[in-house]
Amino acid sequence: MEVVNKNPLDKKKILSKLNNHLRTRVSLEIFDSISSTNDFLLKREIKEDKKMKICIAEEQTKGRGRRGKSWISPKFKNIYFSLGSFLKKEDLSGLSIATALSVSEVLTEFNIKALIKWPNDLLVKNKKICGILIETAKEDELIKVVIGIGLNVNMEYSELIDQKWTSMKLEKKQSIDRNLIIVEMIKKLSSTLIKFEREDFGYFNERFAPLDILRNKEFTLKENPSVTYTGKGIDNKGLLIAQNLKGQNIVKFSSGEVSLKLDK
Ligand code: BTN
């Protein structure tokens with residue numbers, strides 16, 4: 001049975017809703033099917049006049065998640081979005097939080113309240129709605145950053161996802177035009193990237209605090225479940241601050257280092 005797409009990704013529609021300035025800064029490519037939007041931008045040369053290269057696709061055949069996991073990417077259902085750019089800032093440790101905040105602000109515009117599980121999962125009532133994968137590559141002498149976002153929009157069923165998940169449709173009880181969400185994502189991310197380069201990370205830290213799922217909650221590391229920590233926010237580089245419950249000592253974790261299990 002062929003699946004009918006009633007809400008195709010529409011380049012004209014997306015670009016028409018961006019203001020002139022933003023439209024000239026963005027180059028947008030839409031694919032019916034692609035292995036991974038992140039892989040596409042990682043391989044592609046993006047150094048040219050346009051500041052932000054955006055790649056979106058109706059489906060990914062090899063969508064990638066964090067820690068080597070795959071990202072289930074059924075056709076026509078969700079948003080598989082990557083943005084490639086060059087950033088002048090060298091320390092990118094807070095970029096995943098800045099990105100997660102942007103997506104959470106977009107979701108707020110659609111009346112969905114998502115909290116952030118450090119470093120970059122967005123959860124609604126403890127169910128994952130969005131995952132973020134940030135990768136870098138060297139192009140000439142510059143570091144290219146690719147921000148990959150997988151947002152569950154109109155997906156209602158999946159037997160393949162091995163964790164609790166939800167989608168915008170499941171939360172709102174109605175389908176949502178993915179093009180409108182993408183427009184808001186482009187707007188929000190473009191201003192976030194400017195702020196990320198200009199402002200101190202404290203700007204993002206303040207906004208993150210009320211959305212921080214781990215704050216004052218107990219969690220363990222999947223690699224070492226015998227030690228329990230309590231979340232104490234993040235520092236001004238985006239590192240997680242945690243208190244070891246036994247020793248009471250404070251430790252810091254960087255995002256690549258750990259995988260967390262929230263204790264209920
Ligand atoms: C996670 O594990 O939570 C991160 C998931 C990131 C998925 C997105 S979908 C668009 C982009 N392309 C990929 O292959 N992965 C990211």
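**Exercises: helices, sheet and ligand shell**

In this predicted model, α4 crosses α6 in a right-handed manner.

**Exercise 1.** Describe how helix α4 and helix α6 pack.

*Solution.* 
Step 1. Recall what is needed: two packed helices are described by the angle between their axes and the distance between the axes.
Step 2. Give the angle: α4 (residues 95-109) and α6 (residues 178-198) pack at about 145°.
Step 3. Give the distance: their axes are 9 Å apart.
Step 4. Name some contacts. On α4, the residues include Leu 95, Ala 98 and Val 106. On α6, Ile 181, Met 185 and Phe 196 are among them.
Step 5. Sort the contact by class: 8 residues are nonpolar, 3 polar and 4 charged.

**Exercise 2.** Find the strand order of the sheet and its edge strands.

*Solution.* 
Step 1. Read the order of the 7 strands: β1-β2-β3-β7-β6-β5-β4. The sheet is open, and its pairing is mixed.
Step 2. Pick the edges: β1 (26-31) and β4 (115-117) each pair on one side only.
Step 3. Leu 115 has Leu 123 of β5 as its bridge partner.

**Exercise 3.** Which residues come nearest to the ligand?

*Solution.* 
Step 1. Consider the 20 residues around the ligand.
Step 2. Pick the nearest: Ser 36, Gly 65, Gly 131, Gly 148 and Gly 150.
Step 3. Class the shell: 6 nonpolar, 10 polar and 4 charged residues.

Conventions:
Residues numbered from 1 in each chain as written. Predicted model: local features only at pLDDT ≥ 70, side-chain atom pairs only at ≥ 80, totals over all residues. Near = placed C-beta within 6 Å. Nonpolar A, V, L, I, M, F, W, Y, C, P; charged D, E, K, R; others polar. Axes fitted to C-alpha atoms, helices over the stretch in contact; angles between N-to-C directions. Helix = DSSP H or I, 4+ residues; strand = E, 2+ residues; numbered from the N terminus. Left-handed = near helix turned anticlockwise from the far one by under 90°. Contact = placed C-beta atoms within 7 Å. Pairing = 2+ DSSP bridges.
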